[in-house]
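Here's a quick briefing to read with the model open beside you.

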Amino acid sequence: MSTFNFVSSMSAKKLAFQEKTGELIVTLGLMLWGIFFYWRSFFIPITAAAQKSNIITSTFFPRLISFSIIGLSVAHIFVTGLKIMRTGEKDVSDNSAHAQRGSEQAPEKGLLSSPLSRIVAAGVLMIGFVLLFHIIGFLPSSFIFMLSFLLIFHKKHLFINIALSAAFTTAVFLIFRYVFIVLLPEGILFESF
Amino acid sequence: MGFLPSILQGFATIVNVYSLLSITIGVMLGVFIGCLPGLSGTMAVAIITPLTFTMSPQIGITLLLGVFVGAIYGGSISAILIGTPGTPGSIVTVFDGYAMAKKGNAGKALYTALLFSVFGGIVSALFLISIAPPLSKIALQFGPREYFGLVLFGISIIASLCGKNPLKGLIVGFLGITFALIGLDLTSGVSRFTIGIFDLNAGLNLMSVLIGYFAVSEVLMMASQMVKTRRTVNVEDKTFYGLKEYKGHWWCAIKSSVIGVVIGIIPGAGAAIASFVSYDAAKKSSKNSKDFGSGCIEGIIASEAANNATTGGALIPMMTLGIPGDPVTAVLIGSFMIQGLQPGPLLFQYNSEVVYSLLAGFLIANIILYFIGLLGIKLFSKISVVPSSIIAPCVMVLCMVGTYAVRNNMMDVIIMLIMGVIGFILKKHEFPAGPFVIGFILGPILEKSLRQALTASRGDWSTFFGSPVCVGFMLLTLFTYLNPVIKKVFAGIKAKA
C-alpha cells in the first residue's frame, strides 16, 4: 500500500469515527428530549371525569411516544457505540460519499475556512434577521440580511451585492404586498410614526 | 353525480385563463427551484404555499401541483448538466444523463428526461383519476379502529424505508409526533407541553414547522458546504427529437411509470426509491445492460418516467386517506388544510367539485410541463449553475415572508428558526427528513383514532381485534418491523448451509 493510500484510509476512518461520535451525541440529545417530554407529561392536567373512567387520558399517548423515543434512542446508542468500538474493523463505505465530497471541494482560506465557522456565521445572520424583522420591518431587515450574507459568502463586488439584495427584496415585497395582498411587518420601531 | 360526469365537470372548471395561468406559473416555479441543486420539491411546495393563501382552492392548489410536477422534472436538469441532482429523485439520472452530457449529447439527454418525465406524469395522473375516487368510497367505511390500524401501518412503513438504518427513521418519526402534541388537546381541552407560553396553545403551525425543517435547514446546509466553484454548462442547439428516436423504448417507459406509481402509493417511499427500482428493473431486462451508467438513453427513461410517476401515486393515499405518500404530499396536506380542505375520504364527498378539478389540473400540469420544459431548456440550464451563495439568502428571505404571512405572528418565525436548526442537525448526521414530517402529520390522527375507538368501546382494548381491516393493518405493521430480522435470520441460515 502506498503512503497516500494509507493516509487517505486513516483519514476516512477518522472521519467515520467523528461522524459516528456526532451521531451518538445527537441520539443522546433525542433521548434527553424523550425524558423531558415524559417529565412534562406529569404537568398535563387531568379532568376528574377522565380520571374516573377507564378510558385513556391526555397523558397516555405522549408517554407512549416518550417511551418509544427513549427505547429506540437507547437501542441506537448501543448499536452506534458498538460500531465506534469496532472502528478499526469498521466498514467505512457508507461514509465514502462524504469523504469523496470532501475531496472534491477546494478548501477555502480565511475566517470561514471550516464548516462550523460558516454555520455559526449563517446562524448569527439568521438570528439577526429575525430580530431586525421584528424591529425595523421586512424591507430594511431583508436587505441588510441579504447584503451581509452575500458579502460574507458570495464575496463579489460590493455594488453587485447591493444591487442583487435591493432587487430581490424589493421584488419579494412588491409581489407579496400588492399581488398576494399579504401584510408584511413594518417594524415596531416605525409603527409609532 | 357519476365518475365520468364528475371528472368532465372537473375539466370544465379548471380550463379557464386563471387556472391555466396558475398551473403554468406553478410548473415554471417548480422547474426553476427543482433545477437548483439542494432545493427539493418539498421545499419548493413549502415556500410557495404562502403565495396561495389569498387564492381560491382550485387556483392555489393547482399552482402547487404544478410546482410539485415541475420540481421533480427540474431535478433532472442539473443532474444531466452538472452531475448534481437538483432533487433526490434525480440521483439515478446522473448515471447516464451526465455521461451523455460529457459526450456532448446534453440536448438529447435533457429532451429525453423531459419527454419521459411528462410520460410518467401523465400515466400517474391517469392512475390517480381512476383509482382515487373508488378508493375514497372504500375509505369512507373506515371507522376509528381501521384508521388507527392504517396510520400505525403508515408510520411503520416509513421506518422500514429509511435505508440502512430504520431505527433512525423511527426515532425521527416519533420526534415529529412529539412536536405535533404541543398545544391544546382537542379531546379534553387541556393544554399540553406549552411550558406556559400562551402562543403555543394553538399548537405549532404546520407551515412554520415544514418551512423551517425543510428550507431553513437547507440554507444552513448550503452555508456549511459553501465552497467557491465555477460551473459552466454547454447545451447544443438541437433540443428537440422526434418520437422515432425513441422507438423500442416505450415498453421501458410504461414499465417504469407503473413502478413509479406503485412505489408512490406506498407511504414513505418517494421518487428516489422509485427511480432506483425502475433503473434496476430496466437494466436487468435491457439488451444494452452493459451500457447502463455510461450514457444509455434507457437509463434516463427509466429514472425520469419513474420519478415523475410517483407524483400521482403519492397523491392517491394523500387525497383518499389523508395519509401522505411522501414528504411533498405531507406539505401538500398543510396546503390543503390552509385552503379549508381536509384530505381524506370526506374530501371527495364534501368537496367533490374542487377535488375533481384538482385531478384534472394535475393532468393538465403534466401536459404544460412538456411545453415549459421544451421552451425553457436553455434558460433552466443557465439557472442550474447559480451559486448556492446567492440561492441561500434568497431562500431565507422567502422563508421569513412565507412563515410570517400564515398568521402574522412572530412566534411562528421563531419556531421556523428552531425547526431549521433541529432539521439541520438531524440531516447533518444522516437522520432522514421524511419521517419527521410524516410523524408530525400522522401522530395526532393516530392519537385521535386510538382515543375515539377506546371511547366507543368504553376502554376495551380488544376492540381493535374485532375489525378485520384493523387486524390486517396491524399484522402488516408487525411484518414491516420484523422483516429485517427475518431477512437476517434467513441470510444466516443460507450462509451456514
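Chain A comes to eight helices and zero strands, where helices (H or I, at least four residues) and strands (E, at least two) are DSSP runs numbered from the N terminus. Keep in mind that this is a predicted model, where local features need pLDDT of at least 70, side-chain atom pairs count only at pLDDT 80 or more, and totals for chains, interfaces and linings use all residues. Residues are numbered from 1 along each chain as its sequence is written, chains are lettered from A and ligands numbered from 1 in the order in which they are written, and side-chain values use heavy atoms, with hydrogens and water left out.

**Confidence**

- The model scores ipTM 0.84 and pTM 0.80.
- Chain B averages a pLDDT of 86, and 95% of its residues score at least 70; pLDDT is the predictor's confidence in each residue, from 0 to 100.
- Among chain B's elements, helix α7 (residues 144-160) has the lowest mean pLDDT, 78, while helix α17 (residues 410-428) has the highest, 93.

**Chain A overall**

- Read along the sequence, chain A goes α-α-α-α-α-α-α-α.
- Of the 193 residues in chain A, 36% are buried; buried means under 20% relative accessible area, exposed over 50%, and partly exposed in between (1.4 Å probe, protein chains only).
- Take the contacts (heavy atoms within 4.5 Å) in chain A between residues at least 6 apart in sequence: 64% of them join residues at least 24 apart.

**The nonpolar core**

- The largest nonpolar core has 196 residues, and those with the most contacts inside it are A:Phe153, B:Leu315, B:Met319, B:Leu359 and B:Met396.
- Such a core is a set of buried Ala, Val, Leu, Ile, Met, Phe, Trp, Tyr and Cys residues joined through side-chain atoms within 4.5 Å.
- Helix α15 (residues 352-383) of chain B gives the most to this core, with 17 residues.
- Leaving out residues up to four places away in sequence, A:Phe153 touches residues including A:Leu112, A:Leu125, B:Ala223, B:Met226 and B:Ser389.

**Aromatic rings**

- There are 36 aromatic pairs over all chains; rings of Phe, Tyr and Trp (its six-membered ring) pair if their centres lie within 6.5 Å, with planes under 30 degrees apart counted as stacked, over 60 as edge-to-face and the rest as tilted.
- The ring centres of A:Phe37 and B:Phe193 are 3.9 Å apart with planes at 15 degrees, so this pair is stacked.
- A:Phe37 lies in helix α1 (residues 3-40) of chain A and B:Phe193 in the loop between β2 (191-192) and α9 (206-225) of chain B, so the pair joins two chains.
- Both A:Phe37 and B:Phe193 are buried.
- A:Phe145 and A:Phe149 make a tilted pair, 5.7 Å centre to centre with 50 degrees between the planes.
- Both of these, A:Phe145 and A:Phe149, lie in helix α6 (residues 138-154) of chain A, four residues apart, about one turn of the helix.
- A:Phe145 counts as buried at 2% relative accessibility, and A:Phe149 does at 0%.

**Around B:Asp185**

- B:Asp185 is in the loop between β1 (183-184) and β2 of chain B, and is buried with a relative accessible area of 4%.
- The side chains of B:Asp185 and B:Ser188 are joined by a polar contact of 2.6 Å.
- A polar contact is a pair of N or O atoms within 3.5 Å; within protein, one must be able to donate a hydrogen and the other to accept it, and residues adjacent in sequence count only if both atoms are side-chain atoms.
- Not counting residues up to four places away in sequence, B:Asp185 touches A:Ser58, B:Val190, B:Arg192 and B:Arg451.
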